[in-house]
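Open the model in your viewer and keep the selection panel handy. We will go from stop to stop, selecting a few residues each time.

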Amino acid sequence: MHVLFEEDGAFRAATILADNDSSLQVETASGKRSKIKAASVLLRYDEPAPGVLLEQAELLLPGIEADFLWECVTDSEFHFADFADEYFGHPASAVEAAALLLALHAAPVYFHRKGRGRFRKAPPEILQAALAGLEKKRQQALTIERMVAQLTSFNLPPEFPPLLGQLLYRPDRNRGETKALEAACSETGLSVAHLLHRCGAIRSPYDYHLQRFLLEQFPRGTAFPAVEPPLLPVDLPPADVQAFSIDDATTTEIDDAFSLQSLPGVGWRVGIHIAAPALGIAPGSPLDEIARARLSTVYMPGSKFTMLPDAVVERYTLASGRALPAVSLYLTVTPELEIVGDESRLEMVPVVANLRHHDIEPLFNEQTLAAGLAQFPFRDELLTLWQLANACEGRRGKASATPDNKDFNFRIEGDLDDAESCRVEISARRRGSPLDKLVAELMIVANSTWGALLASRGVAAIYRVQGGGKVRMSTAPQAHEGLGVKQYAWLSSPLRRYVDLLNQWQLVACLKADTPPFAARSDALFAALRDFELTYAAYAEFQRGMERYWCLRWLRQQGIERIAATIGRENLARLDDLPLVQRVPSAPELKPGQRILLQIESVDYLTLALGCRYLETLPLPTTPAAVIEKLPEAVD
């Protein structure tokens with residue numbers, strides 16, 4: 001005697017060795033012996049042998065149609081063996097009964113299991129809904145199969161264009177388009193971005209990186225809502241100064257300017273003037289909501305997204321030829337360049353010049369200072385302010401910039417809407433030049449002085465704090481060890497950073513003896529701090545990524561095949577005259593500062609990956625600033 005039974009969700013056949021009331025000892029065709037429960041037995045039979053029962057039953061399956069079975073069976077619950085007799089029109093053999101069992105088991109849409117070997121046919125309405133669902137899945141499978149075929153042939157399926165942003169940056173794995181894309185990537189061995197680029201779905205690698213950032217940070221677009229720019233204040237006293245700013249050529253948000261007046265018998269009065277949008281933008285106003293949402297201007301080579309609308313920036317930027325509202329810090333400075341007093345005012349400051357680095361730096365640099373300055377506008381003012389900056393740096397005991405570091409300027413020629421046709425120029429200027437030091441030191445003086453003023457008055461503010469090498473934002477006026485000051489509050493860029501605008505509101509209230517808009521430990525203050533830190537870091541990461549993109553474009557544009565680099569830690573190398581850091585696994589263990597020559601082997605604009613190989617170690621003495629070997633023709 002043999003039995004058909006169910007074990008672990010599968011049907012098995014075996015020969016009975018011992019039959020007890022509640023259990024059986026059986027042996028399968030493979031010789032394996034086991035003990036099964038009597039309740040697990042679905043059918044007892046004499047023939048055929050266990051090893052062929054299910055094989056022969058499966059041969060009958062193609063002739064058993066589920067929909068015909070469903071029509072034949074009654075609405076009541078039934079046992080498969082009983083129904084097998086009725087279906088076949090005679091007492092069913094073991095093979096026939098097993099075949100019917102397999103057919104019922106394989107059609108869960110038509111038949112619902114009610115116990116071991118027992119079934120009940122699905123109600124008509126449930127069956128129709130289930131069949132419709134199966135048909136829908138079948139059609140979806142066919143659609144996915146078609147989309148996979150199109151993608152692997154590098155043709156874009158018509159369903160993809162409206163979903164490209166989601167597919168590239170926020171894929172929904174429940175969508176058929178995502179499943180098709182993943183399958184096609186698996187077949188082609190390409191990433192999602194590379195495959196869609198081959199299909200023509202990505203306008204350019206530049207646009208790919210830009211759209212990712214915009215989707216993450218500006219999901220509603222970069223356009224500003226229609227908001228009237230505030231009127232300039234009319235009740236501020238005029239300042240008796242001739243102020244000038246120092247910025248690079250592309251700066252439109254001019255936050256700071258300077259002035260210098262001689263004080264006979266005392267020394268000088270140095271004016272540090274910061275644009276005052278806080279006098280026109282009220283906390284909680286529509287413009288505040290705009291600035292609060294953006295939190296900072298976003299910079300990238302060739303473009304930027306300002307924190308405030310252009311009309312507002314234009315109204316408050318310290319452009320020449322106008323008298324503009326400003327928060328002014330006046331320093332009383334002795335001939336020995338000691339700061340012996342300070343005073344803060346709200347006033348209208350006349351700006352007479354916007355000096356630009358490219359115009360002034362050839363006239364005012366280390367060499368011209370050493371050789372004796374020629375005559376040019378604001379020569380004496382710049383010289384005195386630079387001498388004061390050196391004295392301030394000395395008193396702090398910290399350098400305002402590392403002289404060996406460089407700032408890099410990117411100039412993009414062409415229309416960024418067609419970024420692939422643009423050309424990029426990258427120029428380097430050594431950080432810590434006299435103009436840099438002048439501006440940096442006076443900003444440190446202003447931010448630390450106003451931070452101290454706010455702290456002494458008990459007015460809440462957001463500070464930059466550094467301790468143990470880590471820089472963070474804080475509402476507590478703690479020391480900034482890197483700058484060597486007791487407190488440092490960002491107040492010098494209110495047109496570009498929300499923290500500066502918030503701090504300026506607090507400072508204006510302090511100077512007017514009004515109630516500050518933000519109380520100490522207020523939820524709004526902590527929320528602004530947290531959101532600013534996260535957003536500012538995301539903007540900085542995006543800027544670095546776009547600079548890397550243009551550096552890679554420059555390498556190909558210039559046809560560079562070999563380039564020198566300087567080794568840092570962990571085999572990271574900084575390429576000459578580029579803000580580009582690259583890991584070089586092929587380089588031997590070298591000390592930081594060692595010079596090497598690299599072979600450029602591959603550039604991937606979509607992943608921003610640079611493939612390069614170590615060639616040789618360069619001698620340290622008298623190594624040129626950059627060692628470059630060009631290809632015969634530039635490849636763009």
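Predicted model: local features only at pLDDT ≥ 70, side-chain atom pairs only at ≥ 80, totals over all residues.

Residues are numbered from 1 along each chain as its sequence is written, and side-chain values use heavy atoms, leaving out hydrogens and water.

**Stop 1: a cis peptide bond**

Select Glu47 and Pro48. The peptide bond from Glu47 to Pro48 is cis, with omega near 5°. Pro48 sits in the loop between strand S5 (41–45) and helix H1 (50–60); helices (H or I, at least four residues) and strands (E, at least two) are DSSP runs, numbered from the N terminus.

**Stop 2: a sheet with a helix on it**

Now select 78–79, 111–115 and 118–121. Here you find an open sheet of 3 strands in the order S6-S8-S7, paired antiparallel; two strands pair if DSSP finds at least two bridges between them. S6 and S7 are the edge strands, each pairing on one side only. Between S6 and S8 the antiparallel pairing runs over 2 bridges, and His79 stands opposite Arg118 in S8.

**Stop 3: Met147**

Move on to helix H5 (residues 124–152) and pick out Met147. Is Met147 buried or exposed? Met147 counts as buried, at 1% relative accessibility (buried means under 20% relative accessible area, exposed over 50%, partly exposed in between, with a 1.4 Å probe and protein chains only). Leaving aside neighbours within four places in sequence, Met147 is in contact (heavy atoms within 4.5 Å) with Pro157, Glu159, Phe160, Gly176, Glu177 and Ala180. Show Leu181 too: Met147 and Leu181 are 34 residues apart in sequence, and their C-alpha atoms are 7.9 Å apart in space.

**Stop 4: two leucines with positive phi**

Leu295 has a positive phi of about 70° although it is not a glycine. You will find Leu295 in the loop between helix H10 (286–294) and strand S12 (298–300), buried with a relative accessible area of 3%. Next, Leu337 has a positive phi of about 65°, again without being a glycine. Leu337 lies in the loop between strand S14 (322–333) and strand S15 (339–356) and counts as buried at 15% relative accessibility.

**Stop 5: a helix crossing**

Select helix H14 (residues 379–396) and helix H15 (residues 434–456), whose axes come within 8 Å and cross at roughly 60°. H14 and H15 are therefore oblique to each other. Show side chains at the contact: Leu382, Trp386 and Arg396 are among the H14 residues there, and those of H15 include Pro434, Leu438 and Val445.

**Stop 6: a hairpin**

Strand S18 (residues 463–467) and strand S19 (residues 470–474) pair antiparallel over 5 bridges, with Gln466 opposite Val471 in S19. S18 and S19 form a hairpin with 2 residues between them, and Gly468 in the turn has a positive phi of about 65°.

**Stop 7: Arg569**

Finish in the loop between strand S20 (560–567) and strand S21 (572–575), the place of Arg569. Arg569 is exposed, with a relative accessible area of 71%.

Methods:
Axes fitted to C-alpha atoms, helices over the stretch in contact; angles between N-to-C directions. Parallel < 35°, antiparallel > 145°, perpendicular 65-115°, else oblique.
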